[in-house]
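Good morning, colleagues. Please take a moment to bring the model up on your screens, and I shall then go through its contacts.

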There are 2 protein chains.
Amino acid sequence: MEAVAPRRTRIQKEKRELILEAALDTFSTHGFRGATIDQIAEAAGMSKPNLLYYFHRKEDIFETLIQRLLITWLQPLRELDDVGDPLTELGAYIRRKLEMARDYPRESRLFANEILQGAPRIMPMLEGELKSLVDDKAAIIEGWMRAGRIAETDPYHLIFSIWATTQHYADFDVQVRAVLGPERGGNARFEDAAQFLERLFLGSLRPQCP
Amino acid sequence: MEAVAPRRTRIQKEKRELILEAALDTFSTHGFRGATIDQIAEAAGMSKPNLLYYFHRKEDIFETLIQRLLITWLQPLRELDDVGDPLTELGAYIRRKLEMARDYPRESRLFANEILQGAPRIMPMLEGELKSLVDDKAAIIEGWMRAGRIAETDPYHLIFSIWATTQHYADFDVQVRAVLGPERGGNARFEDAAQFLERLFLGSLRPQCP
DNA sequence: CTAACGTTTGTCCAAACGGTCAAAAATTGC
DNA sequence: GCAATTTTTGACCGTTTGGACAAACGTTAG
């Protein structure tokens, strides 16, 4: 049942990377239907038939992109584990997520686009792999709560809120920059956001406070 | 310079509403380019030329939709004012925003789609109207902080976080439902979210806590 | 050098797209 | 009830789209 890794020449590997890079640009800003093969081909510096020599269908490019993205996308959450101080763990998770929003905004927007359209291509993964990963991590967080190490809350909505706030700085970047204006919209906005979010989440989770 | 309101017959008013309703469905899930006039026309129960009798271009439909949306979209923030207890004010704002995500998810997704694509049609509004509105409200929040009525934080990132978390329940709805599963993904998720978010934000803003 | 293989290109296609138009049908005002 | 107006329709147009294909071009190993 496992697909065998196809043998590829040096040129094939290089050109496929070039195409995926160009496609990430195009898909992430225009969505699947909004992006055209011509557009991607031009961004990759090749002709349309040439591009179709490497990826036979438009969907193939998109699916390769999404599959690759999902592996790295959930890595920060996977790294959240039981050892160490809960607040330090969660703080590190928030920081990693925000770094991903800063360093991989196109991936974030691609994912957002797919979800906005009802996740037609990744629904099984959401209900399977993602759900069980979140279930696992929610159980860890609940363990911390029962042990009195952090305040009691809903761990699922806690995770949703961390996703929402961190990804917001990638997905809604133009809005953030427009509102902050030229003075505050520089690269410092990510450091400001990191400080704010750490305070917001960790402050509300400190056991003594609520 | 102000556009005069065009006179319209009863049928024109009704059919235009029908079209806008169908277009909201279509645009919010497929984006501007991804949606087709045929698709919208069929959803509105009329032929393509008939639809084009009421809106001469596809962009006209989209722009009417966006303009109408923006008026109601910023209403909750507009209602945030200086009278009353700060924590009550902010709690009410969060609740109103979450209600909008629950009651108008298509509008939220339409807006998200536009921002994801770089806000080509509403950039002036973001830099103008939206920025000055947020500047105003951030000043109010800063006033509360200086008076010691709430803890010190960045008011801009506070507003961003409220936007991000509440809109997440509209924009990423399929993901939220997939992760919560059939048991917890029912309509109760909005009440759970409301409780969680109120605790998260108000807890971290209580002056004594930090 | 050359045969085999990998890569690139120009040309072509059918479907889907946004949009037009004149004529038919329905509605409205008198 | 009829004329003027508004609404609906079917046929049509040029363009863009995803994709196919054979021929031309490069590359590489023997």
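Predicted model: local features only at pLDDT ≥ 70, side-chain atom pairs only at ≥ 80, totals over all residues.

The area buried between chain B and chain A is about 5,100 Å², and carbon and sulfur atoms give 68% of that area. Three residues, Leu116(B), Val179(B) and Arg199(B), supply 15% of the area that chain B buries against chain A, more than any other three residues. In terms of contact, 58 residues come from chain B and 59 residues from chain A.

Let me turn to the polar side of this interface. Nine residue pairs are in polar contact across it, and the count of salt bridges between the two chains is two. In one salt bridge, the side chain of Asp154(B) meets that of Arg184(A) at 2.5 Å, N to O.

Which helix of chain B gives the largest share of the side that touches chain A? That is α9(B), with twelve residues. By class, this side of chain B has 29 nonpolar, 17 polar and twelve charged residues.

I come now to DNA strand C. Of the atoms of DNA strand C within 4 Å of the protein, sugar and phosphate account for 59%.

For Ile37(B), a polar backbone atom is 3.0 Å from a phosphate oxygen. Lys48(B), by contrast, places a side-chain N or O atom 2.9 Å from a base nitrogen.

Note on methods
Residues numbered from 1 in each chain as written. Chains lettered and ligands numbered in written order. Heavy atoms only, no water. Contact = heavy atoms within 4.5 Å. Buried area = accessible area lost by both parts, 1.4 Å probe. Salt bridge = Lys/Arg side-chain N within 4 Å of Asp/Glu carboxyl O. Polar contact = N/O pair within 3.5 Å; in protein donor to acceptor, adjacent residues only side chain to side chain. Helix = DSSP H or I, 4+ residues; strand = E, 2+ residues; numbered from the N terminus. Nonpolar A, V, L, I, M, F, W, Y, C, P; charged D, E, K, R; others polar. Near = heavy atom within 4 Å.
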